[in-house]
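I set out to record what I looked up in this structure, entry by entry.

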Amino acid sequence: MIASSIIARDKDIAFAILYNGLADYDMLDEIFENLSEKVDPIEREEFMKFNPTNFLESFHGRHALILIGDRDEIVKPKIMASFKQKLIDNYINIDNMHFINYDDAAHSIAYKMLDNALNYTNERMKSRWKN
């Protein structure tokens, strides 16, 4: 949840890896509904100031690896799918963003996710050092 806001607001970050993250705060109520908690209206308003979907243009051409557990019952895959669709609908170039779904992962970091994250980090760092 926090990582997507940070990359949205800090253009100096070279790349990001998001694990089972919430990048569309418009769906925040659904998250809390799944946790049987209510969102305080004041807290919700504060969260919404950092909603990555308010800063879609900052994702244009950015590098990110987005790892999603298809069995995640907390941050359901449709939430990241909603974020991806908003990027596409707003003509944001997502060629450098890699969305990977793991059909056997829940709201956790699976070994396959770590392996992909390490490989992605190595490739991104090699790419940066060449330039």
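I took buried to mean under 20% relative accessible area, exposed over 50%, and partly exposed in between (1.4 Å probe, protein chains only). The model is predicted: local features need pLDDT of at least 70, side-chain atom pairs count only at pLDDT 80 or more, and totals for chains, interfaces and linings use all residues. Residues are numbered from 1 along each chain as its sequence is written, and side-chain values use heavy atoms, with hydrogens and water left out.

Entry on Ser82. I located Ser82 in helix H4 (residues 77–89); helices (H or I, at least four residues) and strands (E, at least two) are DSSP runs, numbered from the N terminus. Leaving aside neighbours within four places in sequence, I found Ser82 in contact (heavy atoms within 4.5 Å) with Asp24 and Met27.

Entry on aromatic pairs. I paired rings of Phe, Tyr and Trp (its six-membered ring) if their centres lie within 6.5 Å; planes under 30 degrees apart count as stacked, over 60 as edge-to-face and the rest as tilted. By this rule I counted three aromatic pairs. The ring centres of Phe15 and Tyr120 are 5.7 Å apart and the planes stand at 80°, so I noted this pair as edge-to-face. The pair links Phe15 in strand S1 with Tyr120 in helix H5 (residues 111–130), 105 residues apart. I found both Phe15 and Tyr120 buried.

I also noted Tyr25 and Phe47 as an edge-to-face pair, 6.3 Å centre to centre with 85° between the planes. Tyr25 is buried at 2% relative accessible area, whereas Phe47 is partly exposed at 30%.
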